[in-house]
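Here is a short briefing on one helix and on a few backbone angles. Please look at the model first, then read the points below.

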Amino acid sequence: MATVKLALVQFESALMDIAANVRKGLEFVEQASRQGADLIVFPELCITGYNTDVIGDRYHELAEDTGGSTVRAFREAAQTHNINIVLGMALKLDEGGTANGAVIIRRNGELAGTYSKVHLWEDERKFFKPGDVCSPYELDFGKLGVLICYDAGFPEAARTLALQGAKLIVTPSAFSLEDKHRWDIYYPARALENTCFVAGINGVGGSLRLFGNNKLANPKGELIVSGNLSEEDMQVLEIDLDEADECSKLTPYLRDLRMDTYGYQA
């Protein structure tokens, strides 16, 4: 068995109050560690909060690079509490500009990498530079795929990660209530067609009405987590990544993919 215990956080951010969000995030890390979690995942832009209408250009001044105080604090927490972390935040890019990003931290405090959201949603284009890479990160339990919010609506993104060996894909998100119909479809669909585990981790609250309701679908496309609506919460559960291999044998979507027909490259 290749078991992994996940902690998925429905996080309510204080808009533009980085210090408060970091403090609360570190408390969740400690709680998840006490429950034996191997990996904790936070929503999209949880360190600044998500609202392009209100924050706008201030995302650039609120953004930090991986050497900043926020990433340092979570790297120390990862090592102290022996837990892997995926943290959604505004990231300063080495080449200039700001990404709607995620930082992936190993349980020993090492930086496994960063991800920049590839498919930017509406006004995000005014403030963030899109990424152009979908590639998994090596953690102690195997390869972890990371997408962000709108990325989950593009089957190619999840498939690219699955073809590279990711059996678990996590998706920090900021979904508003009016888009819940998409939220309910994305994760079971991406899990089924790629025979892997796929999670959506949503923020809570604010004028955009982020509604939580974290999702986790297994490789059969069955929902095994559907969190409470509009409540800050954390779901902790154990999954067996070997289920992905078993499901792939029964329904071999990845094996039978006609990449020659589509010109697909992963």
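On one side of helix α4, E76, Q79 and T80 are exposed (over 50% relative accessible area, with a 1.4 Å probe and protein chains only). On the other side, T70, V71, A73, F74, A77 and A78 are buried (under 20%). Seen down the axis of α4, the buried residues fall within an arc of 160 degrees (taken from the directions from the helix axis to the C-beta atoms), so they line one face of the helix.

This is a predicted model in which local features need pLDDT of at least 70, side-chain atom pairs count only at pLDDT 80 or more, and totals for chains, interfaces and linings use all residues. Residues are numbered from 1 along each chain as its sequence is written, and side-chain values use heavy atoms, with hydrogens and water left out.

**Helix α4**
- α4 covers residues 69-81; helices are DSSP runs (H or I) of at least four residues and strands are runs (E) of at least two, numbered from the N terminus.
- Its 13 residues reach 18 Å from first C-alpha to last, close to the 18 Å expected at 1.5 Å a residue, that is, 1.5 Å times one less than the number of residues.
- The buried residues of α4 pack against α1 (18-34), β3 (84-92), β4 (98-105) and β5 (111-116), where contact means heavy atoms within 4.5 Å.

**Positive phi**
- Most residues other than glycine have a negative phi.
- N82, which follows α4, has a positive phi near 55 degrees.
- R209 has a positive phi near 60 degrees and lies in the loop between β10 (204-205) and β11 (210-211).
- S230 also has a positive phi near 60 degrees, in the loop between β13 (223-226) and β14 (233-240).
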